[in-house]
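Morning, everyone. I'll walk through side-chain packing and charge pairs in one model. Please have the structure open.

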Amino acid sequence: MQNKFGLKDFVLMVLVVVVGVLTFLNMRQGDRQWQQTQDLSSKIGTVEQQVARLDRKLQDNSGSNDETIAEMGSQMTELNTKIADLHRALSSGALTLNAPAGSTIDEPAHDSTPASTVATGREGWARPGGVPIEWQPTVKFAAEPYDMEGYRLGGEFIEVFEAQPSKLTPVLAEDVYGRRVDDQICETLADFDPITKEVTGILAEAWQYDPEGYWLRVKLRENINFSDGVEITAEDVRWSFEDYINNPELETEALRSIMTSIEKVEVISDKVVEFTFNSPDAYNLQSALMYYILPKHFYAKLTPNQINQGTALAMGSGPFKIENLDVDNQWAPGQPIVLVRNEQYWGPKPALKSMRFVTITSDIARLIEFRNGSVSMIRPSSPQFSKVTREHGWDDKAYSLKWVNVRSGYSFIGWQCGPRNGKLTPFHDKRVRKAMTLILDRQLIIDDIYEGIGVIATGPNNAPSPAANPDIDPWPYDPEQAKQLLAEAGWVDRDGDGILENERGDEFSFEFTRASGGQTIERFQKYLVDQCASVGIRCNPKIVDWSLYDQILKNRDFDSITLAWSATAPESDPKQIWHSESIQNQGNNFIQWDAGQDQYIDKIKATLDYKERMDVFHQFQSLVHEEQPYTFLRVSPWLRFISKDFDNVHTYPMGLQQREYFLAPMAAE
Amino acid sequence: MGVYILRRLLLMIPTLLGITFLVFMLIALSPGGIGASLNVANGQMEETSRAIKEAYLEDRYGLDAPAPVQYVRWLGRISPIKFGKRDQIDPTGEFIQPPKEVKTPPLWRWYVEELPVVEPLEPYEWAGDETEDEKSSVYRRQANEYSKARARLISGRALFDTELGKAIGTLEIKGAFNHKGKVKHQTIEDQKSQIEESEFGAKINRLGNDLIGYYASAINERAKLVSIFDAKPYPQAGFGVLPGMSLSRPDLGKSFSKSRPVSELISEALPITILLNLIALPVIYFIAIPSGMLAAVRAGGLFDRFSGSMYIALWSFPIPLAGVLMIGYLANHDYLWGVFPASGLHSSAADSYTYLPVRGESGWQPGYVLDMLWHVVLPISCLVYGGFAVLSKQTRAAMLDNFNMDYVRTAKAKGVGYKDIVFRHVFRNSLLPLITMFVSIFPAMLAGSVVIEKIFTIPGMGQLTLDSIYLKDRELLLANTMMIAAVNLIALLVADVLYSLADPRISYK
């Protein structure tokens with residue numbers, strides 16, 4: 001009898017395999033459930049212990065049972081009123097978080113003095129010598145939601161990333177997305193206030209900054225703790241800098257190489273820490289106050305290898321936390337990132353129960369997921385924004401936010417002011433550069449190519465940054481004056497062919513380098529070429545791949561190039577881009593501009609006083625405005641769609657504050 | 001046959017070496033070279049800070065060595081036969097390699113007659129009663145000291161080079177920079193006096209002398225570390241065969257753009273790609289082959305013409321457009337058919353699902369398996385719709401060829417049933433082209449379909465490979481190339497073996 005392997009046998013075999021696989025999966029599932037029940041029972045155990053403790057306390061505090069009940073009743077009502085008072089007091093800023101449990105609430109403490117007195121006295125921690133102490137106000141939300149109608153706890157805010165973050169461990173996560181997640185989990189000593197944009201203390205209650213700029217003494221707040229309840233001490237501040245960021249075995253080089261001005265961090269007492277700088281610089285204060293404070297007791301248990309290779313070892317003191325910090329079972333890229341509310345947060349608690357970050361790489365899929373209600377916020381592109389906001393009924397579904405803030409960048413055309421491969425380009429003359437700016441109608445570009453979204457950029461800093469000079473208006477569109485300036489610089493049409501020549505007879509022809517991209521950049525290039533031709537200049541576009549840009553910039557191998565800078569803070573050190581020292585060593589002054597700006601930049605770095613520094617910034621901007629080493633094009637506003645499921649949504653000069661949001665009440669049908 | 005297979009397997013090794021070497025050199029010669037992604041400014045940096053960061057990264061990943069040297073080092077890491085001192089394994093499973101060499105400081109001749117030298121120390125003496133943890137912490141402490149000393153040397157060297165760069169710039173010395181913009185120290189070796197007299201001279205001299213000091217302390221710390229390493233604080237890795245040679249686990253290295261071991265990255269991306277393709281393949285085959293057979297049996301008929309033109313029409317439709325249309329209409333809740341998810345492989349709440357569907361108080365919960373299948377419908381549709389054309393046409397053509405053969409006429413004359421003729425005789429003989437196609441699909445499986453992965457946000461192999469090329473990530477790129485090449489070669493071997501099984505006329509003797 002023949003024993004062939006026929007179709008029947010094949011089907012049978014597949015069925016057997018499927019059954020086997022399902023059984024195996026079932027077993028795994030059983031394991032998962034088992035593990036979950038174990039976790040649950042241990043949690044129940046801890047809760048039971050806590051209840052037992054509370055029980056005992058109650059019994060100890062009161063006498064007989066009846067008394068206890070009555071007492072409890074009155075205590076509850078007292079508690080309730082106290083909580084309401086506290087909320088109101090906190091939100092009006094009349095109370096600092098430092099009040100110890102016994103103080104009466106109706107005694108309004110002054111905003112800047114702590115109600116409690118630490119044993120050593122209010123200023124006992126400070127260095128003697130008369131350096132003023134800058135006390136920081138209580139930490140609170142920029143827009144308090146507690147009294148708003150419909151305020152309630154709960155809800156999950158789902159944000160979208162356009163690309164997969166590769167890791168979330170603080171400092172090691174270098175991409176924008178990792179830092180966004182870490183900003184919710186970890187905190188810094190101070191940060192920029194969302195509205196006033198000034199450096200305001202978060203973990204720091206006060207600091208003393210040497211007028212010469214060599215040291216900074218910081219006092220931490222009382223009653224601040226990490227997400228596991230352990231108190232934050234000065235040792236954590238020191239450890240985060242010296243043994244985490246500066247640990248050569250950890251892959252923290254990117255941050256380490258920027259923070260070279262901090263020489264050491266010393267622990268003065270439990271809550272007081274002192275930074276020593278090796279040279280005074282205006283940005284030392286930011287540098288020292290704005291790195292994440294990480295818990296030493298958590299990270300010191302791990303080997304450097306575990307930290308380097310861990311994908312999500314993020315623990316801090318922020319309003320949200322990662323639930324799972326098990327080293328062997330971490331989050332892997334590809335899974336959604338879920339942060340839960342830190343119930344032990346020392347500051348104003350967010351209403352949101354959790355925040356979730358999902359990755360959607362296709363922009364069409366992002367918009368569709370937003371429409372479906374699966375995500376709470378997306379960053380639409382400009383065409384999507386203008387098209388979708390015109391839809392009927394869109395305003396009921398979503399907040400369409402468009403605003404220029406401190407983090408908006410600007411796009412520009414950089415003109416090669418120095419030699420390119422030994423030869424000077426036409427743009428070494430500032431009159432020529434100014435003429436190039438005058439022939440471009442930037443408002444028309446914004447209205448036509450960018451559908452009206454954006455404003456003309458005036459300089460390296462733009463409103464609302466305090467470093468922007470408010471008296472400077474962008475150069476107007478004036479081709480006639482441009483022709484005059486070109487003639488002054490020696491560019492005249494000498495042979496009647498429509499193209500300008502200089503005295504030597506060379507034609508005015510230059511290369512415009514840009515990266516391959518979409519429709520907007522192509523239309524811009526066409527406009528540029530046309531406008532140049534209208535005044536007699538030949539513009540030759542050169543399209544290169546984005547990966548070549550870095551080399552072109554480093555080797556200064558361009559006549560003109562278009563690029564964009566973005567900002568992360570209200571003011572940024574101009575030295576990297578604008579100082580003449582940055583011309584050498586492939587620095588970022590790739591246009592090789594050197595026209596007296598060094599004195600302003602050096603003064604900016606040396607001026608420790610905020611207001612004075614802003615004045616110098618304004619003067620610097622005036623110089624840049626005159627010289628036009630870049631033609632500043634456009635400041636791109638931030639565009640966001642946020643689902644109307646959430647309330648208390650506001651835009652700030654520093655961006656958004658998702659932690660303030662709460663679930664809006666469902667609209668009555 | 002066995003000898004043939006063995007010969008083919010041995011021939012694969014030089015082929016693999018050739019392929020990976022070619023790909024690696026191509027990427028290394030492209031603008032920016034290996035490791036270009038690390039130096040992309042994500043944020044503005046002063047050039048001293050950038051120089052320091054580049055110096056750290058170069059040291060950690062060995063990027064300053066010429067490209068062939070980096071390739072050979074990678075070969076050494078992945079080969080199971082290792083030479084030199086044996087690595088050790090620490091309790092978390094990481095390889096501890098012997099301490100790295102210290103590079104001599106540049107232009108040291110300007111500052112000292114002879115470089116400081118350190119005598120190798122005797123292996124460290126354990127007290128005898130240390131636990132594993134104590135030994136480990138002794139090693140860790142010294143490793144940290146050595147790292148710090150090395151870091152000082154590296155950042156000092158970066159600062160020294162930066163100042164030299166400034167001096168060279170102002171003095172306009174020609175030819176002093178190599179193509180990457182780094183100072184070529186041999187070129188300026190003779191120009192010490194000129195550089196000293198420039199405005200940066202004092203600072204350069206100070207930094208140069210400091211460097212000698214850092215170098216001395218670095219080699220001291222290294223000697224101490226080597227002595228502790230030689231005393232074996234951890235168990236050694238692999239098996240020793242001869243002194244100086246050992247067998248150990250191949251190490252695919254760490255991706256420096258994602259800072260994680262390559263094997264982890266691949267083990268996360270590969271199952272997803274394999275899952276997609278494992279579902280797509282049977283779908284293509286079970287639709288295309290029967291329709292090809294039916295078209296052959298009723299050649300020229302309505303079904304033949306209709307299916308042929310339909311499949312070719314589908315094949316011509318571009319995948320990106322199809323994907324976008326599918327998301328736009330089949331995933332959008334505003335439309336009737338918008339029931340599918342727009343992205344990803346799992347729903348948001350999927351990590352709390354059970355495997356099989358359950359009906360709870362809050363309604364019906366689809367369960368993990370069903371949820372994933374539901375997510376996978378749109379990407380699979382994109383993957384398969386273009387594949388029907390070729391396969392069905394091939395089957396149809398091969399079968400039509402065989403229908404006209406003599407043996408079919410003989411079988412019909414003998415009285416064999418029609419079904420038997422079609423399935424047992426004609427179809428079997430048409431299998432050869434199909435086998436060829438089947439094994440050429442395997443490599444496509446591994447490379448993944450990048451466009452579909454991007455449109456549907458599926459973190460599979462396609463994205464990984466493309467990332468490694470864009471970011472010029474050496475380890476990831478080499479590992480991916482080697483895997484794809486190896487699978488290609490094995491698939492060809494499997495094809496040849498299957499030929500010999502399917503057709504008794506073919507044999508390899």
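**Side chains that meet**

Start with a charge on a ring: the charged end of R634(A) sits over the ring of Y450(A), 3.9 Å from the ring centre. The rule here is NZ of Lys or CZ of Arg within 6 Å of the ring centre and within 35 degrees of the ring normal. In chain B, R60(B) lies over the face of Y61(B), at 6.0 Å from the ring centre.

Some ground rules. This is a predicted model, where local features need pLDDT of at least 70, side-chain atom pairs count only at pLDDT 80 or more, and totals for chains, interfaces and linings use all residues. Residues are numbered from 1 along each chain as its sequence is written, chains are lettered from A and ligands numbered from 1 in the order written, and side-chain values use heavy atoms, with hydrogens and water left out.

Now the salt bridges. Side chains of opposite charge can pair when their charged atoms come close. The cut-off is a side-chain nitrogen of Lys or Arg within 4 Å of a carboxyl oxygen of Asp or Glu. That gives 48 salt bridges over all chains.

Take K296(A) and E235(A), which pair at 2.9 Å, N to O. K296(A) is in helix α7 (residues 296-299) of chain A and E235(A) is in helix α4 of chain A, so the bridge ties together parts 61 residues apart in sequence. Helices here are DSSP runs of H or I, at least four residues, and strands are runs of E, at least two, numbered from the N terminus. Buried means under 20% relative accessible area, exposed over 50%, partly exposed in between (1.4 Å probe, protein chains only).

Over to chain B. R396(B) bridges to D304(B), with the closest N and O atoms 2.8 Å apart. This pair links helix α12 (residues 388-403) to helix α9 (residues 302-316) of chain B, 92 residues apart. R396(B) is partly exposed at 22%, while D304(B) is buried at 6%.

Next, aromatics. Rings of Phe, Tyr and Trp (its six-membered ring) pair if their centres lie within 6.5 Å; planes under 30 degrees apart are stacked, over 60 edge-to-face, the rest tilted. The whole structure has 48 such pairs over all chains. F512(A) and F524(A) make a tilted one, 6.3 Å centre to centre with 55° between the planes. F512(A) comes from strand β20 (residues 509-515) of chain A and F524(A) from helix α15 (residues 519-535) of chain A. F512(A) is buried at 0%, and F524(A) is buried at 4%. One aromatic cluster in chain A includes Y410(A), W565(A), W578(A) and W593(A).

Last, the cores. A nonpolar core is a set of buried Ala, Val, Leu, Ile, Met, Phe, Trp, Tyr and Cys residues joined through side-chain atoms within 4.5 Å. The largest has 71 residues, and those with the most contacts inside it are L189(A), L216(A), Y244(A), F275(A) and Y299(A). Helix α4 (residues 234-245) of chain A gives the most to this core, six residues. Apart from it lies another core of 56 residues, among them I158(A), F385(A), I453(A) and F427(B).
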